[in-house]
Amino acid sequence: MQPAHENLLADLRLSLRPGRRQDANGLRALVGGILQSYGLPDSVARDGDLDDVAVWYGSRHGVFDVLVDSSGALVGCCGACGRSQTVCELRRLYLAYKVRHRGLGRVLLHRVVDWARARGFETMELFTAPVLKEAVQLYERFGFARQAQTAAEGTVCDLHFSLTLRKSGD
Ligand SMILES: CC(C)(COP(=O)(O)OP(=O)(O)OC[C@H]1O[C@@H](n2cnc3c(N)ncnc32)[C@H](O)[C@@H]1OP(=O)(O)O)[C@@H](O)C(=O)NCCC(=O)NCCS
């Protein structure tokens, strides 16, 4: 992580650590609560990945970190998993309202993109919902491009974004 990022976390008395199975309840509460605040079904928070992020992401060539405050309370998360040898998917970038608007979203995104590049992935994809406007703006300003293809019908996360991490053969 770049020093500026470390300073920001230290200033806010926050730290990042790998997610673990014991975080399941905290993650479901964090993600489910945020989804509900946008009028989205919290069932998305009950997708199997949060039951044991270490196993789910670890078994998919992925990574999953949680952001905790000085009391150990979970205030954010961010993960990615491999979809193929060259494509990975950004998942679960969520921050509790009280830690937003300080640059942390961009820090977590930079961090996971750096991780993906270092792992040799060429493309990062993500699916999100149009109502998650802050995230949509973050992704677009970061350089993610909207894709025409949408996710399976019936899912709320039907906005598909893609970021080229490096050209094939680089
Ligand atoms: C998306 C999210 C992680 C951004 O976190 P954050 O720490 O507040 O964002 P930052 O302070 O790093 O700001 C980064 C960019 O996000 C966007 N953003 C942040 N707050 C915004 C707001 N209120 N309105 C519009 N865009 C906003 C901007 O593009 C901003 O860049 P800018 O400052 O150059 O305009 C946070 O808003 C969040 O957790 N949202 C709910 C969960 C979510 O939607 N997750 C995505 C699931 S796919």
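## Basis

The model is predicted: local features need pLDDT of at least 70, side-chain atom pairs count only at pLDDT 80 or more, and totals for chains, interfaces and linings use all residues. Residues are numbered from 1 along each chain as its sequence is written. Helices (H or I, at least four residues) and strands (E, at least two) are DSSP runs, numbered from the N terminus.

## Sheet

Seven strands form an open sheet with mixed pairing, in the order E1-E2-E3-E4-E5-E7-E6. The edges are strand E1 (15-18) and strand E6 (145-147); each has a single partner strand, so one side of each is left without a neighbour in the sheet. On average, neighbouring strands are turned by 25 degrees against each other, direction ignored. Axes here are lines fitted to C-alpha atoms, for helices over the stretch in contact, and angles run from 0 to 180 degrees between N-to-C directions.

Two strands pair if DSSP finds at least two bridges between them. E4 and strand E5 (residues 123-128) are joined by three bridges in the parallel sense. Cys88 has Met124 in E5 as its bridge partner.

## Nonpolar core

A nonpolar core is a set of buried Ala, Val, Leu, Ile, Met, Phe, Trp, Tyr and Cys residues joined through C-beta atoms within 7 Å. The largest has 38 residues, of which Cys77, Leu93, Leu108, Val112, Ala116 and Met124 touch the most other members. H4 gives the largest share of this core, seven residues.

Apart from neighbours within four places in sequence, Leu108 is in contact (C-beta atoms, placed from the backbone, within 7 Å) with Gly76, Cys78 and Leu93.

## Positive phi angles

Arg92, in strand E4, has a positive phi of about 60 degrees although it is not a glycine. Arg92 is buried, with 25 other C-beta atoms within 10 Å. A residue is buried at 20 or more such atoms, exposed at 12 or fewer, and partly exposed in between, with C-beta atoms placed from the backbone.

His101, in the loop between E4 and H4, has a positive phi near 65 degrees. His101 is exposed, with 10 other C-beta atoms within 10 Å.

Terms used
Contact = placed C-beta atoms within 7 Å.
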